[in-house]
Amino acid sequence: MRKVMTGHKAVAEAMRQIEPDVVAVYPITPQSEIAEYYADYVHDGIVHTELVPVESEHSAMSACVGAAAAGARVMTATSSQGLALLVEVLYIAAGMRLPIVMALANRSLSAPINIHCDHSDAYLARDAGAFQVFCESAQEVYDYTLISQRIAEHDKVRLPGIVNLDGFALTHTSQVVEPLEDEAAKKFVGAFKPVHPLLDVGTPVTWGPFAMPDYYFELKRAQQAAMEEVPAVFLDVQKAYAQTSGRGYAGFVEKYRLDDADRALVVLGSTAGTAKVAVDALRAKGEKVGLLKVWLYRPFPYQAVALALERVKHVAVLDRAISFGAMGSLYSDVATSLLRSGARSALHNYIYGLGGRDITAEQLEEVLADLAEVRPDEVLRYIGLRE
Amino acid sequence: MAELKGWRDLPIGGVVPGGAAAALNKTGSWRAERPIWNEEKCIQCLQCWFHCPDTSIVIRDQKVTGVDYDHCKGCGVCAAICPKDAIDMVPEREGTCAK
């Protein structure tokens, strides 16, 4: 049944259907309504989840780690500064191979204090060892929450996962979402199978041990191997989800009018929707432009990105955060993809939308229209910035 | 020492099957000060055993019999908690094992 809901509500709906054993949350400012909705479900007896209201985001992820090691299915949600505080323990969740799925309402990091959308928080968590998915719409937010749960818990993966949804653009705007029926959603996610649960006192294990230089490296290599399993599992789960939902997600990226394009944008998140409007407007004038939207950000799908862009002459990669002192993070990944494949596209990096600065279809049209004229050099360009 | 395993052969997340792995790892050499237990002053209240963070107070038949110097890191909690000052902390180079 089609419903109107915000991105926050879409996450909460998916969580209600997944019904994790434990949800540990802290309502930091900037606040995420995900925890509020879920607390209502718990209070009203709609779900039988142990909701742990902790004293900080650091504690939220710590409680999640403890519960997951004990053998529980665990979820949480955070945003911005909360993610920054939590990220130390996210590394631990990944190193301990705990499949904790977390919604991340993407918002800027201080200073200055801001609360509005950008991807600084997601980029901060980039190297933590969680897989990361970016969503364009509330529908995708709902769908990829279910999909991510199944990926995280897959035998070959067992890693934390982050579902990114743009602050305000997705979290607070209402869109049409078609959730699965409860039974179908529960069946899709399946029963949780704990691995070495601490509560299995008959077969004790030591969790989170010390590893000296003689073993730390090997354990990190094993963690990387788990991350390398994500792409194949992602495609399988996506396919299973397409069968269940009828929504035909397929691949790590979405190619939009890209096949014969000579100029293209590469974006993460809700800006893809705006970019499609820009692409359509220019296509109506006969210009060969397209869009590449990246769903799976970590592990980064180098080969799929290279294949999608190999015949595109001019590529504008848009980053919604500055990696101070370096080119944008997404740009660097796209550049690596093209370098490895030997493609010779001219590549440009645009920074946009920091701290919730609006990005319009007209601005993106301008980027695409001028792209052939821009000299390829290693300089950041800025969209919508006052000089 | 056992042969070191390759990365493919390690348990997921670095868990140690069987648990209680700390007993296998001797940490007594980390100690700067050594607790000396004086049996004649001890009233067997077991406060040292309750508080020791490394399970290094040895008890038999519910009575303290000494200190496990293979694992005691010399934190001094036992000496601090003892109501009868029955445990002395002695610099390691001057220490002698309790009988």
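The model is predicted: local features need pLDDT of at least 70, side-chain atom pairs count only at pLDDT 80 or more, and totals for chains, interfaces and linings use all residues. Residues are numbered from 1 along each chain as its sequence is written, while chains are lettered from A and ligands numbered from 1 in the order in which they are written. Helices (H or I, at least four residues) and strands (E, at least two) are DSSP runs, numbered from the N terminus. Chain A is assigned two domains, domain 1 (3-245) and domain 2 (255-382), with bounds that come from an automatic or database domain assignment.

**The seven-stranded sheet of chain A**

- Seven strands of chain A form an open sheet in the order 3-2-4-5-7-6-13, with mixed pairing; two strands pair if DSSP finds at least two bridges between them.
- Strand 3 (50-53) and strand 13 (296-298) of chain A are the edge strands, each pairing on one side only.
- On average, neighbouring strands of this sheet are turned by 20° against each other, direction ignored. Axes are lines fitted to C-alpha atoms, for helices over the stretch in contact, and angles run from 0 to 180 degrees between N-to-C directions.
- Strand 5 (residues 101-106) and strand 7 (residues 161-166) of chain A pair in the parallel sense over six bridges, and Val101(A) has Gly161(A) as its bridge partner in strand 7.

**Strand 4 of chain A and its surroundings**

- Strand 2 and strand 4 of chain A are paired in the parallel sense by two bridges, with Val22(A) opposite Val74(A) of strand 4.
- Strand 4 and strand 5 of chain A are also parallel, over five bridges; the partner of Thr78(A) in strand 5 is Leu104(A).
- Because six of the six residues of strand 4 of chain A are buried, this strand is largely enclosed by the rest of the structure. A residue is buried if 20 or more other C-beta atoms lie within 10 Å of its own, exposed if 12 or fewer, and partly exposed in between, with C-beta atoms placed from the backbone.
- In a regular strand the side chains alternate between the two faces of the sheet. Strand 4 of chain A is covered on both faces, with Val74(A), Thr76(A) and Thr78(A) buried on one side and Met75(A), Ala77(A) and Ser79(A) buried on the other.
- Helix 3 (residues 57-70) of chain A lies across strand 2 (22-25), strand 3 and strand 4 (74-79), and runs at about 165° to strand 4.
- Helix 4 (residues 80-95) of chain A lies across strand 4 and strand 5, at about 125° to strand 4.
- Strand 4, helix 4 and strand 5 of chain A make a right-handed β-α-β unit; right-handed denotes that, with the strands pointing away from the viewer, the path from the first strand over the helix to the second runs clockwise.

**Contact between the domains of chain A**

- The C-alpha centres of domain 1 and domain 2 of chain A lie 28 Å apart.
- In chain A, 27 residues of domain 1 are in contact with 21 residues of domain 2, where contact requires C-beta atoms, placed from the backbone, to lie within 7 Å.
- Helix 5 (120-124), strand 6 (131-134), strand 7 and helix 8 (216-245) of chain A are the elements that give two or more residues to the domain 1 side. Helix 8 of chain A gives the most to this side, with five residues.
- The domain 1 side has 13 nonpolar, nine polar and five charged residues. Ala, Val, Leu, Ile, Met, Phe, Trp, Tyr, Cys and Pro count as nonpolar, Asp, Glu, Lys and Arg as charged, and the others, Gly among them, as polar.

**Interface between chains A and B**

- Contacts link 13 residues of chain B with 17 residues of chain A. The chain B side comprises eight nonpolar, five polar and no charged residues.
- Strand 9 (residues 205-206) of chain A and strand 1 (residues 16-17) of chain B run antiparallel and are joined by two bridges. Val205(A) has Pro17(B) as its bridge partner.

**Backbone features in loops**

- The Ala111(A) to Pro112(A) peptide bond is cis, with omega near -10°; Pro112(A) is in the loop between strand 5 and helix 5 of chain A.
- A cis peptide bond, with omega near -5°, also leads from Arg298(A) to Pro299(A), and Pro299(A) is in the loop between strand 13 and helix 10 (302-309) of chain A.
- Phe168(A), in the loop between strand 7 and strand 8 (174-177) of chain A, has a positive phi near 65°. Phe168(A) is partly exposed, with 19 other C-beta atoms within 10 Å.
- Asp85(B), in the loop between helix 2 (77-81) and strand 5 (87-91) of chain B, has a positive phi near 50°. Asp85(B) is exposed, with 9 other C-beta atoms within 10 Å.

Conventions
Two residues are in contact if their C-beta atoms, placed from the backbone, lie within 7 Å.
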